Every structure is written in C-alpha cells, then in structure tokens.
Amino acid sequence: MPNLSMTVNGKAVQGEVEARTLLVQFLRENLDLTGTHVGCDTSQCGACVVHVNGAAMKSCTMLAMQAEGAEVTTIEGLADGDTLHPMQEAFRNNHGLQCGFCTPGMVMSAIDLVNRNPNPSEEEIRDGLEGNICRCTGYHNIVKSVAEAARVMGS
Amino acid sequence: MPDGINTGIGASVTRVEDYRFLTGQGTYTDDINRPGQAYAYILRSPHAHARINGIDTTAAGAADGVVAIYTGADMQTGGLPCGWLIHSRDGSPMHEPPHPPLAQGKVRCLGDQVAIVIADSLSQAKAAAELIEVDYDVLPAVVDMKAAAGGGTLVHDDIGTNVCYDWVIGEEGDVDAALAGSAHVTEIDIVNNRLIANAMEPRAAVSDFDRATGEYTLYTTTQNPHVIRLLMGAFVLSIPEHKLRIVAPDVGGGFGSKIFHYAEEAILTWAAGKLARPIKWTAERSESFMTDAQGRDHVTTAKLGLDANGKFTALKVETMANMGAYLSTFASSVPTYLYATLLAGCYTTPVIFANVKAIFTNTVPVDAYRGAGRPEATYLLERIVNKAAKEMNLDPVEIRTRNFIPSDAFPYQTPVALQYDSGDYMATLKRAQELHDTAGFAARRAEAEARGKKLGLGYSTYLEACGIAPSAVAGALGARAGLYESAEVRVHPTGSVTIFTGTHSHGQGHETTFAQLVSERLGVPLENIEISHGDTNRVQFGMGTYGSRSLAVGGVALDKALDKIEAKAKKIAAHILEASTEDLEFNDGNFTVAGTDKAMAFGEVALAAYVPHNYPIDEIEPGLDEQAFYDPANFTYPGGCHICEVEIDPATGVTEVTKFTAVDDVGRVINPMIVAGQVHGGVAQGIGQALLEEAIYDPEGQLLTGSYMDYCMPRADNLPSIQVAHETTLCTHNSLGVKGCGEVGAIGSPPAVINAVLDALTDFGVEDIAMPATPARVWQAIQDAKA
Amino acid sequence: MYDFNYHKPSSSNAAASAVAGADDGKFLAGGQTLLPTMKQRLAMPSDLVDLAGCDLSGVRVDGDNLVIGAMTTHDAVATSAEVQAHIPGLAALAAGIGDQQVRNRGTIGGSVANNDPAADYPAACLALGATIHTDRRTITAEDFFTGMFDTALDEGELITAIAFPKPAACAYQKFPNPASRYALVGVMVAKTGGGVRVAVTGAGENGVFRAAEIEAALGANFSADAAAGAAVSADGLNSDLHASAEYRAHLVGVMASRAVAAC
C-alpha cells in the first residue's frame, strides 16, 4: 500500500493507504477528523469540502494520494482554541445552521468564496454556494452569515 | 433574568448546540465506531417486482474478509409494523401485507433488501456482494396508481387487490345535495408530486450486542428512538425494552424521513446478536434515494360549490394516495387523518366529503414528509379557491376574506372533525400584504413587462393542525400508540439542571429552546442547563419529534415538570424561610417572602433538597427531580398567509421567485431566530416542491431521479431571501400558548408559488400547470396555450 | 471503488509509458468525472496515472493562439489574465463550469478527453476552431469530437494542450440542467477569421455539433434577432426527463441569440 504524507490543520501526518482511499476517508477514518462529512455520491452536496493548499475542494472526489505533500485544512482546523473563525462566528450569530451536517462544508466553501471575493453581493454569495446543498435553512441565514463574515474578515 | 441578559421566552438566543457543529465536533451516527466493528453492505433488488427463485452466496461467503451473509431464509422475524389502522368505508380493516426486513421470496420495489453482507471492511463487503447470484423472475411492475387501483398486476398476491383501504369522511349525500344547489361549482384535477426528503445526512446505523448482559445497542439516525425501540423490540425482533438501547445521536436532518422504523435497523440489530460483534452500515446517497420513505404523491379530483356571493357551500374530494410497495410506519394516517381533516382550511365551508383510496404500487414506500397530508390539503384548497375566484370573476383575496372563519368564531368546529381553538386569518393576511407591498405589485409588474418578463403574485392562506393528540381520540381513529410526551427535570445539588426529553432534535434547536423554557421558569443561566435527548437508556420515554410536536407537546410536558419542581422547591423554601407557601413569590430564580426582605436563591433550595439538614422531611422526600407526561387536549392550529411573487422569462420558461413573504401564527414564540429559521427552511422545501423537485419512476419501476444529477435540490441561487413575520394568537389549551412552527413553511408555500406562476402566465391563457413548474413545463404550457 | 495501482510520474513521456505498461491504465487529470465514475464501480482501471506532476498546466500566448496546458484547472482558465484579455468568452465559460470546488480541480484536458455530451469546453473548442495537441500529434476540434463520450484519441494517447485561435469576438450561453447544472443546452458563438461559428453542447444525441442554420443566419446578419429567428431542427436532439427535443431546439436559438448579444 502506498505511503502518504501531508499537513493537516498544521500538523504533519502520514499513513499507509490503499490507492483508492479518498481524501475524505483518510481524514475521517485514518485521522478521526469526522467533522468532514459525506452527503452524496455524485460530488454535488459539498458536505465534504476542505481546503487543499488554500482552495476549497470536494474531498470525496479526490484521492488521498492526490493530496500528497499538500496543506489540508478541515473544519477542525479553523478555530483558534475557543476563538472561532469569523465565518464560524457569523454562522452562529445568524443561525446559519440547523442540523449541522452540511455546515462544515458550507463554512469551508464560504471562506474560499470570501477569500476570492472579499465583498460579495447577495447574488454573488448565492451563486458562489452552488456547490453546497443545505436542506434545513433555505440558505437565507447562510447568505446573511457569509455577508457578515465578509465584512468582519475584510476589516 | 441572570446578569440582566434575557435568555428566557421571546429571546433570540444564539444556539447552544452550534459550537460543536461549527467546529466539526458533532457526533453523527457515521462518526461512531465500536471496537472490532464489522461493516455491512446491503444487497438490494435492481428490479421493482420480481420473484426470487434462489440466492447463491457460496462464492461470496468465501470472499476475503467476509464475516457472514444473511438472506431472508436466515432472518425469519416479525415484519415491520404499521402504526395506524385505517378502516375502509365498509368497516373492514385496511390490508396490512407483511413487510419483511429481508425479502421473502419476492421483491416489490427497487431497493428492496435481498441480503446483508458483513465483512471486516466495507470494500470487502461490497466486493463480496458482487459475487452473490440472485435468480430473479422479473415480473411486470405496477407503477401508476390508477392502473394499480384497477387490478391486474398485484403488488401483494395474497390480498387480491392493490387498494389498501377505501376510506371516507363526511356525509356524501349532504355534500352532493349542497353542490347541486350551488350557484357555481368549480372542479379541479390536481396532482401532488412525489418528493424525496433528502436530509443531508444519509441514514446510518451501528449495532452492537453484549453477550455478557444480553443487551442490544443500536445507534441510528432516527427522529424518535423510543418508537424504534418499541416497534423493533416488540414487533420485529422480540427483544424486551430493558435489553434494547436505541441511541439517536446528532442527526443531520429528518423532515419526516427518519421517523420510520427501517429494515436496516432491524437487520443490523439482529445480525449483531447473531455475531456478537458491532456492525456498521451507512447509506450512500443513491441508496437513500431508493430506500428512504418518500413523500406526497396524491392524485385528486375535487368540486367546490359556491353561492352567488362566492361563499363556499360544499367541498367534495376524491383522492388516490400512493403507499408504495409496503406500508411504512405512519403511511396510512397521512392521507386520512392528517389530510382530509384539514380540508376546511381556514374557511367556513359547511359540508365536506372526502374519499381516499390508498394504493399499493411497485415503488418505494411513501410516508410522512414535512407537513405530511397538510401540504396536500392546503395545495388542493388554495388552488381550487383561486380557480373559483377566476371563474366567478372575484379577486383572489376577496374570495378568501368572504370565506374566512371570523376571528370571533373560535372555538370553531369544522365539518371534518377538528375543533380549532384560536386564529386570526384576516390579521395574518393583512400583515403579509403590508410586508409584501402588494400595493406596489402593479408597478413592479409593469417594470418587468418592459424587460420582457412576466410577473405574477400568488396567495396561500393556510391552516394546519399539529401537535397531534389527544391519545384517546387518536386511538379511537386507529392510532396504535399514545401521542403524549414526557419530560424530566433533574435539578442537581448545586442548582444546575439536566432536562430529559422524549423529543429529539435533528436541527430544530431543542438544546436552546428547551433551555430557554427552563431559564425563564427557574432563573438558571443557560450554561447551567443541559438538554438530554435521543438515548433510551437516559430518557424515560418519548414519542420523538415529528408533526411540529416538540414544543407543543414536549415543551408543555417540560412546563408541567417545571410546575412540579417549582411547587416542591417552594415547600422547601417555605420551610427554611419559615413562611407559608402562599406568602412565597418566585421570580428571577429567587424565592422571596412577600412584604419582607427574606429571600432564598433557587440554587440554595436545590442544595437543601440534597443536603436535607433543615428540611421538611416528614412532608416531602429529599431530592429535586420531577417528571411529567403530557397528553394534549387538542391539536394546535397554526395558520397564516404566504405571498409569492415570481418573474417568468417566457423565452425559456424559467421562473424566478423574486419575493416571498410568510406571516404565520405559530402561537407564542420562544426563540424568534429559531422560528424564522424553521419557516425559511420549510418555505425552501415548499418552493422546491412547486418549482424543482419530483421523484419520477419509469413504467418498469426504475427511479429516474435517483441522484442529485436528476433530482433537483433547491440551491442557494434558486431561492430568494424570505420575509418572515408573525401575528400571534395563543393556543388556548396548552400552558405555553404555543402551536408549532416546523411545518408551516412547507405547508403554506407551494400553492402560493403555483398561484403566482399561473398569475404570471395569465396573458398567455395558461390555466393549469403541474408541480414542479420546471422551465420545460412552463415553456410547454405557453406553447400549448398558444396552439 | 475497486483498487488500482497509483502512479505519479514527473513527465508526460513517463505518464504515457506508465499507461502503456498497464493492463488497463487510465490518465488521472482533475478526476472530477473519473473518480465519481469509479466510485459507482462503473470503471475499474488497473492503474491510474496522475498527471499532476507532469508540468502540463499553464496558459501562454503563441502568436494568434492561446495555448492552454491540459492540466490547467477551470478556475485557472477563468481567472487567467491572458485568457481574460484575449478570449474573454472562454474565461467566462470556464467560470461557469460546475461549481467552484469542481473548478478548483477539474482540468481542460480532462474535460475535453472525456467529451461528456453536456460539458462546456467541447463547445468552445468547436466554435473557436481549437487544435488539440497530444503527445503524438495535433487534432482539429472538428476531427476530435467523434460522438458522445467518444474522441479521436487513440489508446494511451495523452492530451498535452489545447490551442485556441483568438476570435474577433465570442460568447457562451448556457441553459443548465436544473438538477445537475450541466448544460441542458450550451451555445458558443464565435466571430472568427473563418466566419461565424456556432457550436452547441448538451443538446445533441451525438455530443457537440455546429448549428449550420444559425451560422448561416449570423453569417448574413450578425444579430441576436437573426440567431433567434433561425429555426433549429429538433431532429437528432436529446429528449429526456428534463427537456424534450423540441424544447432543446428552441433553447438553442434563445441561447445563440443571447450569446450574440453578449459578443
């Protein structure tokens, strides 16, 4: 089985995996980072989104081996102790989550969105979240959360 | 309130549960791993209807890592039960064909369970499953309800018909006479499209068996762990409650689809017992599409009689409701007591008759999905009311207001069994019109017209019933369970509090809302309150969360337990403060003796209860831990007005919801932020039903919309921001005055959307359109109207 | 997913050798189509040869051509200053492929090699008269797309880059499938040295094609009305649960007309 090493949430990790191991499986099963979720099998729901070298990617549609040597950030790596990332804080302030299942992917995607476009309009936020499906919130409060986080992150 | 921060009733407190979800520390079923666990893959039928001549597991059994393979021949247990017995109009009980967890000689829908493969890893289980040889005789499938009702191919040979029941409510003769005497009769044919709940967390289960104690444990994605314990333990596997623990940890959304007792739960629990080894199963999304109970799927013909002034005189409804291949847990109740009893809506229609035929087909079972029956009733009413208005040349608002039950007419007895306790439909309508700026619609329409777009405005004034109860009435109507809820308030010696509730949160925010109730009553800060739910070994009992019942039933049970806590604490405080209980006041967490400066904090009382040195030990027991069961006296009746505005591009048929306003009466609001969130989510699902979503089977019973590639889920760019407000009348028969808010969005919104679409298409002469009004359908409707 | 041998060579020659040496080797580009297909067990290659180390990504201007390396992601094309400057319609097309996460991984070479009948890039290649560069030869777009999921690529042949001649103007309009967001109909209109070229994706039973009726109409009168007025036949168009062939034919005209307006 191939050997694999990468940096996850700032820590060097390594493992021996089958070639077919998806990045999300490596995170959840080998590293016990179960915050990254799997909500579909057609690469559409976005519950599995993590950052690979700073960009949002669907970890269910990527082999662990393709992240060899990469810097990976998961939902577990965002907060600094008890201090939440501004995106997490905004989701809490605006009730941007209900069941919480899509939330990790949604937050990771939203951070990438704001990194690319620091001052997004409501329409740009809605379009930018195309790759993440939420069934609880109707997106209303997610959109508010992202807009608020963008203001905080920009200041 | 503590520290001057309001954390009680009416405060938009941010949620207690959010920190763990936002940091990836939630514990969903698939996050749970037991030492030594094996993995299960379920081999499912690729056919909608087939006889199984034989299953050869020889090669599969010898494959790498395989622990065991079981088929229906191995698992001879009870079948999955149905929780509600409906009687047909001739008095006969509904047909209840067996629903075996693993197929017994026949498969009746796509995805039916044929075998379970248990292996050391999931890949090994999947690889082995490919080696199982199933000898099928593929049989013709019956998918269309009308064809099924006519006989021919039978889903269940033994019962000789595909009609599960033929049920009626109301007096048909009275309704026919009233229709015959009406100045005008509006008729409508309507389909309520089949939906798939699609909670984002796929179903999953982890089972375990402890040979030393004989205890089974099942972690499962359910909305009601005690119900699963009861159904699986008593009916399927014969495991007594004290040896069966069901845990519903964090659950990623349910919307009804996780109420039901599913085959996988029973198969995994049974297999764990056989192997004395933990087993894990997690559905892939494509598996969810073909095994989660689906929703809606009604075909209806209705007639509404009106007098010359547009007052409704009678309503007659004929509905066929799809049950799918087997009766799911609450399937039989949805198109009857959750549907036909709602056909008065918020109107004074004097006589109503409904006939509902429930039909078996070779499709995935159909059961409750957000709103369950009430969206179907509302859609029918709000469409036929609009059609009647058009036919009688009345404004759609005018026809509604002429027929509203007046706000001074409560309690109001409908002709279809329900007695509404409170409501003010004119108030919600007026407020919605103001918020929506309906007065400005004409100008907005002209502006859109100038851009080549068609603007439409649609109303829905709906009424629903939730907080289902009372048990005795439900029992008389066929319910096989009670519909109460329980709560335990455990005050700890230092004054912190743990609440045990039989309801379950899978997104609704109980850990916050219920804590607010406690904070309001006892003056305890939120951080000192823990809400425990979802574990049958921790929580006394409960019926779980569905039908917008958590607060209206479970919250009231909690309120009653708090009454007992307060009463006992008062006796303890009175003893210590040397006053009579009548002279004690309890505010903001302090007992005070009226007219004196003598006071005692609630925490001190709690300590005294557990360190009973100075204590009325002859009168009351030590400790401060109380429990209550609450069986409601009536349903609760939320209602309101939804107004939708759509913009249609006639060139492509694309419909955009540009503005949506929901003014709901959900009774007293505990946490406005959470209630608004519930409405947003419900409206999104309603817009989804109206414009995007539909489960489609081909004539062979294959699901054509079996993934997100073909089943259109609402995404952020499909939806507008949603304006939400409340006009409140209190529920008169529960102590909190609450009604329920989980389903109002999904119930009220679909007809508002479709009425708006039809309004936008008026110029083209389009008079009807089916849900979902996809771009292709809208475009086609315009072409057909032109032709 | 079935297991396989994973290779990550550091040159395209080594990648080609690795595939040639395998029982059933496949190139792995961005993996946004291949991996989902493998997850569904619809493909079981013996070996996957990851092209990420082969230095095949990047955009360069070569005379009148914009040359895009096969491993250039959709996001890189969408945000490339060169693409935005020279063929802004192509940058806009890339910005509308899939969702942001897919654009961050999916590549132009992978998309073109797969020739999904509902993919966007084939329309750009055909409308702009692109040339597909492989490790063995160059192939014109006309010759390259041979049918649904079918291309002129030989066994083991590797796309290295795609060269797009700069048009006078071009624009792409997509009508997405409401569920999958793939193109139900996508139309690229280009004013090129060789005349007006209109390529349609998503609609055809045999994948991407040129709409002769619209090209003729626009050749005579390059206007949105001319495109909308050119009747497109429903013959040979897909009909499925999302759209009839007639609706698709109508949308081809509407999208072409909107693309002309955006040119």
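Domain bounds, as I use them today, come from an automatic or database domain assignment. With that in place, chain C is divided into domain 1 (5-52), domain 2 (59-165) and domain 3 (169-262). The centres of domain 1 of chain C and domain 3 of chain C, taken over C-alpha atoms, are 34 Å apart.

Some housekeeping. This is a predicted model, in which local features need pLDDT of at least 70, side-chain atom pairs count only at pLDDT 80 or more, and totals for chains, interfaces and linings use all residues. Residues are numbered from 1 along each chain as its sequence is written, while chains are lettered from A and ligands numbered from 1 in the order in which they are written.

On to chain B. Its domain assignment gives domain 1 (2-24 + 484-630), domain 2 (35-80 + 94-139 + 200-253 + 258-291) and domain 3 (407-465 + 635-786). Between the centres of domain 1 of chain B and domain 2 of chain B, over C-alpha atoms, there are 40 Å. I will speak of contacts from here on: two residues are in contact if their C-beta atoms, placed from the backbone, lie within 7 Å. By that rule, 14 residues of domain 1 of chain B are in contact with 16 residues of domain 2 of chain B. The domain 1 side of this contact has 3 nonpolar, 10 polar and 1 charged residues. For these classes, Ala, Val, Leu, Ile, Met, Phe, Trp, Tyr, Cys and Pro count as nonpolar, Asp, Glu, Lys and Arg as charged, and the others, Gly among them, as polar.

Next, the contacts between chains. Chain A and chain B meet through 44 residues from chain A and 42 residues from chain B. Which elements give two or more residues to the chain A side? They are helix H2 (86-93), helix H3 (103-116), helix H4 (122-128) and helix H5 (140-154) of chain A. Helices (H or I, at least four residues) and strands (E, at least two) are DSSP runs, numbered from the N terminus. By class, the side of chain A that touches chain B has 21 nonpolar, 16 polar and 7 charged residues.

Chain A also touches chain C, with 22 residues from chain A and 19 residues from chain C. On the chain A side, strand S4 (55-58) and H3 give two or more residues. The largest share, 4 residues, comes from S4(A). That side of chain A divides into 8 nonpolar, 8 polar and 6 charged residues.

Now two helices of chain A. H2(A) and H3(A) pack at an angle of about 125°, with their axes 10 Å apart. Axes are lines fitted to C-alpha atoms, for helices over the stretch in contact, and angles run from 0 to 180 degrees between N-to-C directions. The two helices are therefore oblique to each other, given that angles under 35 degrees count as roughly parallel, over 145 as roughly antiparallel, 65 to 115 as roughly perpendicular and the rest as oblique. In this pair, A:Met87, A:Gln88 and A:Phe91 in H2(A) meet A:Thr103, A:Val107, A:Ala110 and A:Ile111 in H3(A). The contact has 5 nonpolar, 2 polar and no charged residues.

Then the backbone. Most residues other than glycine have a negative phi, and most peptide bonds are trans. A cis peptide bond joins B:Phe410 and B:Pro411, with omega about 0°. B:Pro411 sits in the loop between helix H10 (396-403) and strand S16 (412-413) of chain B. Another cis peptide bond joins B:Met771 and B:Pro772, with omega about -10°. B:Pro772 lies in the loop between helix H18 (744-760) and helix H19 (775-786) of chain B.

As for phi, B:Asp588 has a positive value near 50° and is not a glycine. Its place is the loop between strand S22 (584-587) and strand S23 (590-593) of chain B. Is B:Asp588 buried, exposed or partly exposed? It is partly exposed, because 13 other C-beta atoms lie within 10 Å. The cut-offs are 20 or more other C-beta atoms within 10 Å for buried, 12 or fewer for exposed, and in between for partly exposed, with C-beta atoms placed from the backbone. C:Phe149 also has a positive phi, about 55°, and lies in the loop between strand S8 (145-147) and strand S9 (150-151) of chain C. With 12 other C-beta atoms within 10 Å, C:Phe149 is exposed.

Last, B:Gly682, in helix H17 (residues 672-692) of chain B. It counts as buried because it has 29 C-beta neighbours inside 10 Å. Leaving out residues up to four places away in sequence, B:Gly682 touches B:Arg370, B:Glu743, B:Val744, B:Gly745 and B:Ala746.
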